[in-house]
Structure formats: C-alpha cells, structure tokens
Amino acid sequence: MKRSPVAALRLFLASALFLLSAACLSAQDIPLSGKWKFSTGDQAIWAQPKFNDSSWAAIAVGAPWERQGYKGYDGFAWYRLHVVIPSSIREHSFLKERLRFNLGKIDDGDQVYLNGVLIGQNAGSPGTIEAGQWQAERVYTLNIDDRRILWNKENVIAVRVYDHAGNGGMYEGPYGISVADVTDFITLDIGDPFHFNGPRQLSKKIILQSTSEKYDFTGKLNIRVTDPLSGTVVLKQTIGTDFAHDRPFEYLYKTTLPENKAYEVTYDFTEGRSGKVISTTEYIPYILTPAPSPLPRINGPEVYGVRPSAPFLYKIPATGQKPLEYTATGLPAGLKLDSHTGIITGSIAKKGSYPLQLTVKNKSGIGRRSFTIQCGPTIGLTPALGWNSWNCWGLSVSDEKVRQSAAAMAAQLSDHGWTYINIDDGWEDKRDAAGEVLPNNKFPDMKGLAGYVHSLGLKIGIYSSPGPRTCGGYLGSYQHEIQDAASYARWGIDYLKYDWCSYGEIAPKSPGLDDYKKPYIVMRDALDRTGRDILYSLCQYGWGAVWKWGGGIGANSWRTTGDIEDNWKSLSTIGFQQDKAAPYTAPGNFNDPDMLVVGRVGWGPSLHATRLTPDEQYTHISLWALLAAPLLIGCDMSKLDPFTLGLLTNDEVLAVDQDALASPAVKAWSKENIQIWTRTLKSGAKAIGIFNLDNKPARVTVPLSEIGLQKEQRLRDLWRQKDLGVHTKEYNATIPAHGVLLLSARTIAH
Ligand code: GAL
C-alpha cells in the first residue's frame, strides 16, 4: 500500500498484521458521549486543563442546550470533558498516522481545545466563531505523535461555542476519538448525477480515489441495483479496481429499470489487503409528474388579496404550448391585463370582492378558470410560492444569483404559480449619515433588481432582523424600522422575512409573550405606513407558540421551528409535528415549517445534491402542501434537474397547498410507522397523505372509514394525476421507505 520500490515485499509481510489491526479498529474507538460539563459565558481560562470545572452543571451532548434548562439562551458557552486516551488504539492501528476527534454538529460556531491548545475551529467569514456553520460535522485531527495528546492520561477537551439565535450547542453526534483507518484515505464518489437516456434507461459514473499521495489501492467494487420491495436484483456487477491519488478509477455503469418507481443502489468497495469495506447506498430518482401537456391550462390559486390603492401585480400562471393568449372578464377598474404575458397590473381603489373569468388560449384549445380578487385588508390569502436564497447560497447571495434565479423561475416555474424571489441574509451593508440602510457591494442597485424581477411578472422579497444585527452578523433594523420599511417600499419590495437573531440582546433575559410580540408589531406598523403590499413573514423559530398570535399581530406567516436541514431526521421531526399549529391557519395567516431542501442546496458558496432520497423529497413536498405551508424553494434554480423540476411543477399537488379554504392537514390516523394526514379542500374533497416513516417499504390498508370517509370514494393519485377508481371502507397500497401516497378523495353523491 505504501508506494516504494520494495512495496510488494513489505506489503506481503505487513498484510497479516494489517488485517488484524483493521478488524480491531472500530472496537478501539473512544466514545465521547459521556460526562460533559457545561457553563454559559466565556472565559479563556476554561480552555485550560487545570481549571476546576467540578461545580459546572452536567449536560448531555446530542441535544441543544435549550432542551436542557437553558431555554432562550444565545451567546457563548463552554463544554468540557475529561477523557483518558489509551495508547492501545495507536498500537492496534496499522497506519499510526492521525488521531481524529469527532464532535458532531455544533450550533453555530466553535473552537476546540485539547489540554489548553486550540486544535480546530469552525468559523465562517470573517473568521470568528460567531459566523460558524452549524450544519457542519466537526472532525478535527492531529498527527498521532502530536505532543498535545497525553497518552494513557487524562486529557481535557474544551469546546467553546457561540450561538447567535435559536438552538445552541453540541446538538447532534456522533462523538468519538479514533485513529484514522485505511478507508479514511479512500473516496467513493457517487456525486455524478444519474443520466437518463430514456425514461428508465440510465447511466452513472462512479469514482474511486486515494486522498493521500502516500497510498494507492487495489480492490473490488460491487454495484447492485435492487427493487427494495421484492428484493429482486436488477443489476449486479463486480469490477476489479486499482487507483491512486493522481490516478482515480472511473467506472460508468448502465442499467434499464423495469418500472417507474424507487430502486436502491448499493456500492461496496472491498479494499484488497485489509478486507475493509466502504459502503454507500442511494436511490434512483423517478419522476411521477406527467410530462407537460400542450393544452392550455390555468394554474395557481383561485383567490388573490390586494389592499385598496396598493400597486397590483399578478401573472396568471398557465401551462400549454406557447404562444398563449390571455383574457379576463370582470377586471375591476384600475387593472389591465397584458394579453401576451398574462401579467395584470394597476391598482384598485375600492374595497370589494371581484369575481373574474380567466381564459388562456393556444392553437390546441382553451383553458378557463374562475378567479376572485379580494380587495381588502388581507393579502397572501394562499401560502407564498417562491424561492429564498438561504438554503442554497447562504451569505454568498448576490445580485447576479438573484437575477439568475428570477430568470430560471420565469422560464420553468412561474407557469405553475411560483412567484416570490426572496433575498435572505447577506445583502446589508451599513447606514449612511441619515441612517438609511445601504445594500452591500454584492447588490449595487436594489431598485433595478426589483424592477427586473417585476418585469418577469414575479415579486421580490428581502430579509432583516429586529435586532441590531442579523443572524449572519449583518446590519439589522433595530431603531430604524420605519426608515427601513420605507426603503423596501421605495425599492419595490413585496415580502419581508423578519428574523429575531440579535434581538435577544434587546429583549429581557426570559422574554414573556409581549416581549416576543413587541418587535414584530413595530415592524408591522412600519410596513403599514408604506402603502405597499409587503407580505410579512416572521422568523423566531416558533417561540411563545407564535402560531397562536402571529395572525393577530398581522403576520402572513411565521416559522414554527428551528432551521431545517437536508436529512430525514430534520425533515420528519419538523414535518410530522405540525398539527399542533394547524388550527391557527386562515387565509392570509400560515404556519411556516421552514423552506424546502430539494435540489442542490448548501447554505454557502458550494452546493451539493440534497441528502434526501427521492421518496423523502416526495414526502417533503406532499406534507408541506398538505400543511398549507409557504413553499420556498431553497436550491440553485439555474440547475434544476428533471426530477426536481417534476417535484415542483405538479399542478395537482400545488393546488392542495394553494387551496382557498386554507385548512391544513392534521394527523387523522396512525399505526406503527404509518401516518395518514388529511385536509379538507374548498371543493369538499379531501387531500390525503399516507406516509411511511419506516426505512423499508410497507404494504398498507388505508382504512377509509376510519379517516372520515364513510361512503363510496372516488380516489385519485395526485402525483401521477391518475384516477384510482371507486373504493369503500379501505384501499390497499404499497408505500416506499420514507415515502408517501398523496390522494384526493371525493364522496360519490347518489
Ligand atoms: C436563521 C434563519 C434562517 C436564515 C438565517 C440567516 O436564523 O432561521 O432561515 O434566515 O438565519 O442568517
């Protein structure tokens, strides 16, 4: 394995020992989930091994400190652990190179000290732990002969944490100390997307590479494609491999899938000499949304709210072969429709309910839709459909990225109702002498940007905090609320996400309900003074059961949770707990379980494909639609792959989210890992999500009569847009692992 002229002989001699040590290695890991000590505050002495922490409180790692008696605490805190590192782990290792400290995920930033000396940190730009990346796995390594490691003696690990808002601390494992193994020097890269040459014919490239110039490898790569339901193996290949740091091994496999459904692919690489295996699994994306029809069809909500005299902008979302010609009858005075673009502009002076008939025509036919404009105090009658920069670009958002996103939305998504292009944190700079907020140099012309977004028939959103600073450390609106709201209106902003962040420094230490409400009422008032319709989105992670009072203080939506991540644990924990907030939804007032994590996400300049499986993504969109949640895409829209596009352009699924009754789903039935969520639609039909929370497929008998569907039901599969016939009492289905079947049910009238 080590490259040298006598490598072959040395390797032969070494291999017996290697096998032994490799086999023992994982058993030698030292767990670090034990007796951590904790204190809020920040003192340099706490890094030192000699500091006496015996009076500190005990704390568990693997859960935020908010859940362990430190509710609402933001700022600095320290964790300390005393641990003996036995030299046996070094002796038993083959490589004897690096010692690895795995400290899991830390919210938000951290510095880790071993025996008083810094061994690693997670600090974003500008290099302070205040800007750390809370979603990143902390793995810090030291050379095995590093003098900071005290073998067979007590070592003190001290973790300095800064949390700027929301949950804080060492919130998710795994935790351990281990010696880096042979498999730590091999990457099995499956990042290349699947390439579809026909609906079910695909190819994909796999790359094996050594991460160290010192080592090259041989071994066997096994690829297996299986049907997770029947266990049938669709493809099985074993390939001999040989690769190094500068000589990757690339392999392209091809297969044809029998059906349009979830298939699992397992890749195993068995390293030739150690027998150690690297294994990874993924699911092949499959598209359920039918291909777009050339026939004209009007999509989007049936109702739309505007305030009297406020600027009006609405693009009629319509699909069908272009060119399309739009008409509207019943348009109130003050509005005009561009018959080529479908964009309605103007303003309405008089309050009232204005029923319209919309039509869209092309050479294949005509599509019609009733549509009501409600001119009155309430806007945002259905949940916002849009994009937000945070889950993809994080603080690296720029004018150029926003323009690209707007262009992509106009080209591929706005025909399905997607409208908002929202800039999250990272646009702010400082105030001028008059106190006016100035965008930073990534946003040279905010008004021009808004004008561009509007010219596409779309709307634009912005972000701020009631505190002096935003969560990303940028300028907040504290004591400049009226001025900032006026700036937003002058630029042409249509949506404000207002994020608590450093307001924790202003509010009392243990805020009461009025303290939670106060800064949001101040900005509500400031927005009202602008005369512009600006959708108002609260972000304070659900504190004080915001769903109970968000509507009352004039918010259009409010976050009910901390930040989402692109993994099943985060998605399912957030999504399946939302029924607590359901009763508080109404047209214009929606629960926001956070933004979507489909497509390419990353919270910073470099993006990765979402870590959710295709079925988890169907669950994500289905559940959020059932919950009447704002749907804010969090990926790079200029690189939408066909699967993600399918997820975001299913008009029957989106219609559930946009239903005018605004009555979100609640859990109607559950048994073991199956949950059924139902929602009543304005038409009287029900939308039904049958979710399988298990990590294997499940056969389910859906007890129609137990979820309020007593009579004969006409069922329809909304993703496939296919009727399933008439059923009474029950319906049998197979639901993939972490997957969903999304149905509508109409009672048959006799
Ligand atoms: C968080 C918020 C995120 C994002 C971020 C920006 O508090 O929950 O959605 O807005 O701040 O710094």
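Biologist: Is C375 buried or exposed?
Modeller: C375 is buried, with a relative accessible area of 5%. Buried means under 20% relative accessible area, exposed over 50% and partly exposed in between, with a 1.4 Å probe and protein chains only. Bear in mind that this is a predicted model, where local features need pLDDT of at least 70, side-chain atom pairs count only at pLDDT 80 or more, and totals for chains, interfaces and linings use all residues. Residues are numbered from 1 along each chain as its sequence is written, and side-chain values use heavy atoms, leaving out hydrogens and water.

Biologist: How many disulfides does a search of the whole structure find?
Modeller: One, counting a pair of cysteine sulfur atoms within 2.5 Å as a disulfide. C471 is joined to C501, S to S 1.9 Å. The two cysteines are 30 residues apart, in distant parts of the chain.

Biologist: Which hand does the link of C471 and C501 have?
Modeller: The link is left-handed, with -100 degrees about the S-S bond.

Biologist: New topic: which residues are buried in helix α5?
Modeller: M446, L449, A450, V453 and H454. They cover an arc of only 135 degrees around the axis, so they sit on the same side of α5. That arc is taken from the directions from the helix axis to the C-beta atoms. Helices here are DSSP runs of H or I, at least four residues, and strands are runs of E, at least two, numbered from the N terminus.

Biologist: What follows α5?
Modeller: G457, whose phi is positive, near 85 degrees.
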